[in-house]
Amino acid sequence: MSDEDSALLRRLAERENRSMNDTAILAIRRLAEQTVVEDAYADAVSKVAERDATLLDLLSR
């Protein structure tokens, strides 16, 4: 971890009144959860686009 990243983590930990380790773990978990949600959204959009391709094409004209 760079000195800049370490300083940022330290500031976040102090702000949240957590240890740096707990803050890093929480950040990892939040990113993982966000990724799962974004992937689910992208999958849903893709399914709708495939299912309704003809309708979407007509609407785009």
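Biologist: Is Asn17 buried or exposed?
Modeller: The relative accessible area of Asn17 is 72%. Buried means under 20% relative accessible area, exposed means over 50%, and partly exposed lies in between (1.4 Å probe, protein chains only). With its 72%, Asn17 is therefore exposed.

Biologist: Which atoms do the side-chain values use?
Modeller: This is a predicted model, in which local features need pLDDT of at least 70 and side-chain atom pairs count only at pLDDT 80 or more, while totals for chains, interfaces and linings use all residues.

Biologist: What span does helix 1 reach from its first C-alpha to its last?
Modeller: The expected span of a helix is 1.5 Å times one less than its number of residues. Helix 1 has 14 residues, and 20 Å is expected at 1.5 Å a residue. The span in the model is close to this, at 20 Å.

Biologist: Within what arc do the buried residues of helix 1 fall?
Modeller: The buried residues of helix 1 are Ser6, Leu9 and Ala13. Seen down the axis of helix 1, they line one face, because the directions from the helix axis to their C-beta atoms fall within a limited arc. In general, an α-helix has 3.6 residues a turn, so residues three or four places apart point the same way. The arc for helix 1 is 60°.

Biologist: Which exposed residues does the face of helix 1 turned away from its buried side carry?
Modeller: What covers the buried residues of helix 1 includes helix 2. The face turned away from that buried side carries the exposed residues Glu4, Arg11, Glu14 and Arg15.

Biologist: At roughly what angle do the axes of helix 1 and helix 2 cross?
Modeller: Axes are lines fitted to C-alpha atoms, for helices over the stretch in contact, and angles run from 0 to 180 degrees between N-to-C directions. Angles under 35 degrees count as roughly parallel, over 145 as roughly antiparallel, 65 to 115 as roughly perpendicular and the rest as oblique. Helix 1 and helix 2 are therefore roughly perpendicular to each other. The axes of helix 1 (residues 3–16) and helix 2 (residues 20–51) come within 9 Å and cross at roughly 95°.

Biologist: Which residues of helix 2 make the contact with helix 1?
Modeller: Contact means heavy atoms within 4.5 Å. On helix 1, the contact is made by Ser6, Leu9, Arg10, Leu12 and Ala13. On helix 2, it is made by Met20, Thr23 and Ala24.

Biologist: Which residues does Ser6 touch, not counting residues up to four places away in sequence?
Modeller: Ser6 is in helix 1 and counts as buried, because its relative accessibility is 18%. Leaving out residues up to four places away in sequence, Ser6 touches Met1 and Met20.

Biologist: How far apart in space are Ser19 and Leu9, C-alpha to C-alpha?
Modeller: Ser19 lies in the loop between helix 1 and helix 2 and, at 36% relative accessibility, counts as partly exposed. Ser19 and Leu9 are ten residues apart in sequence, and their C-alpha to C-alpha distance is 9.5 Å.

Technical notes: Residues are numbered from 1 along each chain as its sequence is written. Side-chain values use heavy atoms; hydrogens and water are left out. Helices (H or I, at least four residues) and strands (E, at least two) are DSSP runs, numbered from the N terminus.
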